[in-house]
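Please read each numbered point with the sequence and the structure in view.

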Amino acid sequence: MACCMTSRNGFAVTAYCMNLNRYINLVVDSNCGNIPVGCVPVIVLDVSEGAYYRDYVGDKKTYIASMMKEFNWKVIEDRVKKCEKIARAMQ
């Protein structure tokens, strides 16, 4: 949630970093730049103002909490399993 709150106009991402061999939380503050190399996204949440302002009138924290309830955690679990397979293959 902290990454989501600090993002100015982009995405909050939980990704598996191949270089560090661990999960990291990061902010991508634009649509096309600052994408980290060697990271596999597991969870991505659009926290640009256009994503939430109409329905939440600037209440970013409520938007984040609502969207976290909407995540398909089975899909996220499958992504984690794939990341673990990739990590084992790289060792």
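1. Helices and strands are DSSP runs numbered from the N terminus, a helix (H or I) having at least four residues and a strand (E) at least two. On this basis, the protein chain has 4 helices and 3 strands. Their order along the sequence is α-β-β-β-α-α-α.

2. A remark on the basis of the values is in order. The model is predicted, so local features need pLDDT of at least 70 and side-chain atom pairs count only at pLDDT 80 or more, whereas totals for chains, interfaces and linings use all residues. Residues are numbered from 1 along each chain as its sequence is written, and side-chain values use heavy atoms, with hydrogens and water left out.

3. The overall dimensions may be considered next. Taken along the principal axes, the C-alpha atoms of the protein chain fill a box of roughly 45 × 30 × 20 Å. Accessible areas come from the Shrake-Rupley method with a 1.4 Å probe, and for residues only the protein chains shown count as cover. The protein chain exposes about 6,200 Å², and carbon and sulfur atoms supply 54% of this area.

4. A residue is called buried under 20% relative accessible area, exposed over 50%, and partly exposed in between (1.4 Å probe, protein chains only). Of the 91 residues of the protein chain, 30% count as buried. A contact means heavy atoms within 4.5 Å. Among contacts between residues at least 6 apart in sequence, 48% join residues at least 24 apart.

5. Lys60 deserves a point of its own. This residue is located in helix 3. Is Lys60 buried or exposed? Its relative accessible area is 10%, so Lys60 is buried. Apart from its neighbours within four places in sequence, Lys60 is in contact with Cys4, Met5, Ser7, Val47 and Tyr52. Lys60 and Gly10 are 50 residues apart in sequence, and their C-alpha atoms are 13 Å apart in space.

6. The salt bridges follow. Side chains of opposite charge can pair when their charged atoms come close. The criterion used here is a side-chain nitrogen of Lys or Arg within 4 Å of a carboxyl oxygen of Asp or Glu. How many salt bridges does the structure hold? There are 3 salt bridges.

7. One of the salt bridges joins the side chains of Arg8 and Asp29, at 2.9 Å from N to O. Arg8 lies in the loop between helix 1 (2-6) and strand 1 (11-17), and Asp29 in the loop between strand 2 (22-28) and strand 3 (39-46), so this pair ties together parts that are 21 residues apart in sequence. Arg8 is exposed, at 67% relative accessibility, whereas Asp29 is partly exposed, at 23%.

8. Lys74 forms a salt bridge with Asp78, with 3.0 Å between the closest N and O atoms. Because these residues are 4 apart in helix 4, about one helical turn separates Lys74 from Asp78. Lys81 and Glu77 also meet in a salt bridge (3.5 Å, N to O), and both lie in helix 4, 4 residues apart, about one turn of the helix. Lys81 is partly exposed, with a relative accessible area of 41%, and Glu77 is partly exposed at 38%.

9. Surface patches are made of residues with over 30% relative accessible area and no salt bridge; like charges are joined within 9 Å, and nonpolar side chains (Val, Leu, Ile, Met, Phe, Trp, Tyr) within 5 Å. Lys and Arg count as positive and Asp and Glu as negative, while His and the chain ends are not counted. The place of a charge is NZ of Lys, CZ of Arg, CG of Asp or CD of Glu. Arg79, Lys82, Lys85 and Arg88 gather in a positive patch on the surface. Among them, Lys82 lies in helix 4 (residues 73-90) and is exposed, at 57% relative accessibility.

10. A nonpolar patch on the surface is formed by Met1, Met68 and Trp73, with about 300 Å² of accessible area together. Met68 belongs to helix 3 (residues 60-70) and is partly exposed, at 31%.

11. Finally, two backbone angles should be noted. Asn21 has a positive phi of about 60° although it is not a glycine; Asn21 lies in the loop between strand 1 and strand 2. Val57, also a residue other than glycine, has a positive phi near 45°. Val57 is found in the loop between helix 2 (49-56) and helix 3, and it counts as exposed at 61% relative accessibility.
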